[in-house]
Amino acid sequence: PKFENMKYESGNSVSFDALVEIFPEVELKDMSGLSFTEEKADVAKEDIDNTIKGYLASKAEMKEVEGGALANGQFAVLNFEGEKEDGSRPANMKGEEFLVIDFVGSVDGVEFDGGKGENHSLELGSGQFIPGFEEGMVGMKKDEEKVIELTFPEDYQAQDLQGAKVKFHTKLLEIKEKSFPEMTEEIAKELGFESVSDMEEKTKKNLLDQKQRQSKEKLHQEILETLVKENAFDVPQTLIDQQKNHIQEDVKRNLAQQGFNEQMMDEYFAKWNEDIDGKAVFQVKSGLILDKLGKDFGVEASEEDFTAKLQEIADSSGIPLEQIKGYYTGDAKMKNNLMYAVREEKTFDKIREKVTIK
């Protein structure tokens, strides 16, 4: 509570107003007329082949391609320098993983410590460099030189490079290609499967389960967005502030893993503050709506539901059930969060019975 209008008479009495926030009365409109489309989950043979190809990545060999031009999926060994339109070289033009390069980096014409690099590799089609760079290299031949002119994205993490026009002085030194071995029964068993056919069947099932989850999550998000739009009510600012703090803490952890320092984080939050506010409001409103519907539908999460969910997580992750069980039962907060998620899933099951889903 916030205390206001405090009045105190010595030896006599004290009076004040206590201002408290309360949960809103959430009254929801009839949803029977709402209609949604759920994407059909399907797994193509190409999806299975690409996943199995990933299993073989550790056994793949890099082989030089003689003659021809650079194509998507091949690896380039190259030299490059990046410079702004004004001729100065940006500070962080170090190549990403797989980009094999020689480069000299400088800011406003002045080189900086650690700004030189050699022999970095890039796999074309991986999307690891700034947009347009890989496309600019496709078709180049060994020992060919080329100037690739690009513009950095407006939301690039380095503020001094946002929207900057740059030139990459590039020389292609080598073209390499990954050579994958053929999947055999022996390799399949090394990977923990009974056979190649067992691997293909389980891979297909896992991919299908994953796509079904993604399709369901997308549908549920659309349902929530519609329910929030259709049902207006006031939300306590305290709940919004708390949710915003949760979002910011999650974002901070992710940014820290990407190498962001405090100053970069401050710049990020200053730029995206309005978006984070909107996300917090949406999450609070959708949470209150789901809670209201859960109560209206009489939804509860039981221990049987909890056990079934643990088995589902174990099946989808490949982690032993006992290990999953120890993780969630050993931490009351983790269990409560999972039970809340189970209750939400059961609430969505009830919602699906009320609306039209194509």
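## Overview of the chain

Of the 358 residues in the protein chain, 31% count as buried. The model described here is predicted. Its protein chain contains nine helices and 11 strands. Among the contacts that join residues at least 6 apart in sequence, 62% link residues at least 24 apart.

This report begins with the nonpolar cores, continues with the packing of helices, and then turns to individual residues and to a hairpin.

In soluble globular proteins, nonpolar side chains tend to be buried together. The largest nonpolar core of this model has 29 residues, of which Met31, Ile223, Leu227 and Ile351 touch the most other members. Two or more residues come from each of the helices α4 (196–230), α5 (237–257), α6 (262–297) and α9 (332–354). The greatest contribution to this core is that of α6, which provides 10 residues.

Ile223 illustrates how such a residue is surrounded. If residues up to four places away in sequence are not counted, Ile223 touches Phe36, Phe348 and Ile351.

## Helix α9 and its two partners

Two packed helices are described by the angle between their axes and the distance between the axes. For α4 and α9, the angle is about 70° and the axes lie 12 Å apart. Because angles of 65 to 115 degrees count as roughly perpendicular, α4 is roughly perpendicular to α9. On the α4 side, the meeting residues are Lys216, Leu219, His220, Ile223, Leu224 and Leu227, while α9 supplies Phe348, Ile351 and Arg352. By class, the residues of this contact between α4 and α9 are six nonpolar, one polar and two charged.

Helix α9 also packs with α6: their axes cross at roughly 70° and come within 9 Å. The helices α6 and α9 are therefore roughly perpendicular to each other. From α6, the contact involves Gly287, Leu290, Asp291, Leu293, Gly294, Lys295 and Phe297; from α9, it involves Tyr340, Arg343, Glu344, Thr347, Phe348, Lys350, Ile351 and Lys354. The contact of α6 with α9 comprises six nonpolar, three polar and six charged residues.

## Thr203 and Tyr55

Thr203 is part of helix α4. Since its relative accessibility is 2%, Thr203 counts as buried. Not counting residues up to four places away in sequence, Thr203 touches Ile48, Thr51, Ile52 and Tyr55.

Tyr55 belongs to helix α1 (residues 45–55). With 28% relative accessibility, Tyr55 counts as partly exposed. Apart from neighbours within four places in sequence, Tyr55 is in contact with Met183, Leu191, Phe193, Met199 and Thr203. Tyr55 and Ile187 are 132 residues apart in sequence, and their C-alpha atoms are 9.5 Å apart in space.

## Glu61 in strand β4

Glu61 is found in strand β4 (residues 61–64). Its relative accessibility is 47%, so Glu61 counts as partly exposed.

Another pair of residues separated along the chain involves Glu61 and Glu177: they are 116 residues apart in sequence, and 8.2 Å separates their C-alpha atoms. When residues up to four places away in sequence are not counted, Glu61 touches Glu177, Lys178 and Ser179.

Strand β1 (residues 2–9) is hardly covered, for the count of buried residues among its eight residues is zero. Strands β1 and β2 (residues 13–19) run antiparallel and are joined by six bridges. Within this pairing, Phe3 has Ala18 of β2 as its bridge partner. In a regular strand the side chains alternate between the two faces of the sheet.

Three residues lie between the strands of this hairpin, in which Gly11 takes a positive phi near 75°. Asn5 also has a positive phi, of about 50°, although Asn5 is not a glycine. Asn5 lies in strand β1. Its relative accessibility of 51% means that Asn5 counts as exposed, because the cut-off for exposed is over 50%.

Note on methods. Residues are numbered from 1 along each chain as its sequence is written. This is a predicted model: local features need pLDDT of at least 70, side-chain atom pairs count only at pLDDT 80 or more; totals for chains, interfaces and linings use all residues. Side-chain values use heavy atoms; hydrogens and water are left out. A nonpolar core is a set of buried Ala, Val, Leu, Ile, Met, Phe, Trp, Tyr and Cys residues joined through side-chain atoms within 4.5 Å. Buried means under 20% relative accessible area, exposed over 50%, partly exposed in between (1.4 Å probe, protein chains only). Helices (H or I, at least four residues) and strands (E, at least two) are DSSP runs, numbered from the N terminus. Contact means heavy atoms within 4.5 Å. Axes are lines fitted to C-alpha atoms, for helices over the stretch in contact, and angles run from 0 to 180 degrees between N-to-C directions. Angles under 35 degrees count as roughly parallel, over 145 as roughly antiparallel, 65 to 115 as roughly perpendicular and the rest as oblique. Ala, Val, Leu, Ile, Met, Phe, Trp, Tyr, Cys and Pro count as nonpolar, Asp, Glu, Lys and Arg as charged, and the others, Gly among them, as polar. Two strands pair if DSSP finds at least two bridges between them.
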